[in-house]
Amino acid sequence: MLNLFIENHQFNNINHQAHLIVNACKNSFNNDVILAAKFSGLEKIKDQFKELSKSESKVLEQIIQIDSSDSCENFLNEVEKYRKDIKKISEKELKKSFPKRKKISIPNYLINSTNKISFFSWDDLGYKKRFLLYQLNGEYIGIEGTYSSISHNSFCSFCRMKNKVHLVAFLSKAKSSNPDYYKTISQYICLDIEKCNAQIKDLSHLEDLFYELLKNDL
Ligand SMILES: [Zn+2]
């Protein structure tokens, strides 16, 4: 059985680096430039992993073979076989993730599909709520924010790509000397959650938000 070792954001970065190499191959006649792009891409994708076995390294090192759109596609198809799904969440875990909500339901399509995503997210259109569910240190944690109805094109705080975003305001539980004080943290986040999950290459910005909101609970 294949050892699935590539998480969603890591795959997104591999995909990004592979396309940068294709562009270098198309736009440069200088072999040194192309080779430099290949090795820089390989280094960037390897840096994302805490550790890699020999066989896992071998899978990634095939990026060096890319010299056209076709070979890029072949490489990505090969890498795709090693992609992990997000850990499935049970009803019990879901309830535990949003302890203050008596009723919380995650849309069925999110729970039932095999998802190559980094985080679950969905909107309550009536209340203009955005829910986020993310596995932090092995445990699912839920947060919710209120989004503004105005959207515009700007950089998303999570995936760092320019997309249609809206401002989502999260209430921090961070305690202060004033017990009534709740800090609001507002972030621009992609309207299209699927797209955000397909573009996120680094989880640190998403994790920063969770840490900031929950710093007294963790
Ligand atoms: Zn995004």
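Analyst: Leaving aside residues up to four places away in sequence, Ile-189 touches Cys-156, Ser-157, Phe-158, Val-165, His-166, Val-168 and Cys-196. The model is a predicted one. Ile-189 also belongs to the largest nonpolar core, a group of 24 residues, where Ile-189 is among those with the most contacts, together with Phe-119, Cys-156, Phe-158 and Cys-196. Two or more residues of this core come from each of strand E2 (129–136), strand E3 (139–155), strand E4 (162–171), strand E5 (184–190) and helix H8 (204–213).

Several of these strands are paired with one another. E2 and E3 run antiparallel and are joined by 8 bridges; within this pairing, Phe-131 has Glu-144 in E3 as its bridge partner. The hairpin of E2 and E3 has 2 residues between the strands, and Asn-137 in this hairpin takes a positive phi near 50°. E3 also pairs with E4, again in the antiparallel sense and over 8 bridges, with Gly-145 partnered by Phe-170 in E4. Here the hairpin has 6 residues between the strands, and Arg-160 takes a positive phi near 60°.

As for the whole chain, the domain assignment gives domain 1 (8–80) and domain 2 (91–213). Their C-alpha centres lie 31 Å apart. The contact between them takes 5 residues from domain 1 and 10 residues from domain 2. On the side of domain 1 that touches domain 2, there are 5 polar residues, with no nonpolar and no charged ones.

Technical notes. Residues numbered from 1 in each chain as written. Predicted model: local features only at pLDDT ≥ 70, side-chain atom pairs only at ≥ 80, totals over all residues. Domains from an automatic or database assignment. Contact = placed C-beta atoms within 7 Å. Nonpolar A, V, L, I, M, F, W, Y, C, P; charged D, E, K, R; others polar. Core = buried A, V, L, I, M, F, W, Y, C linked by C-beta atoms within 7 Å. Buried ≥ 20, exposed ≤ 12 C-beta atoms within 10 Å, placed from the backbone. Helix = DSSP H or I, 4+ residues; strand = E, 2+ residues; numbered from the N terminus. Pairing = 2+ DSSP bridges.
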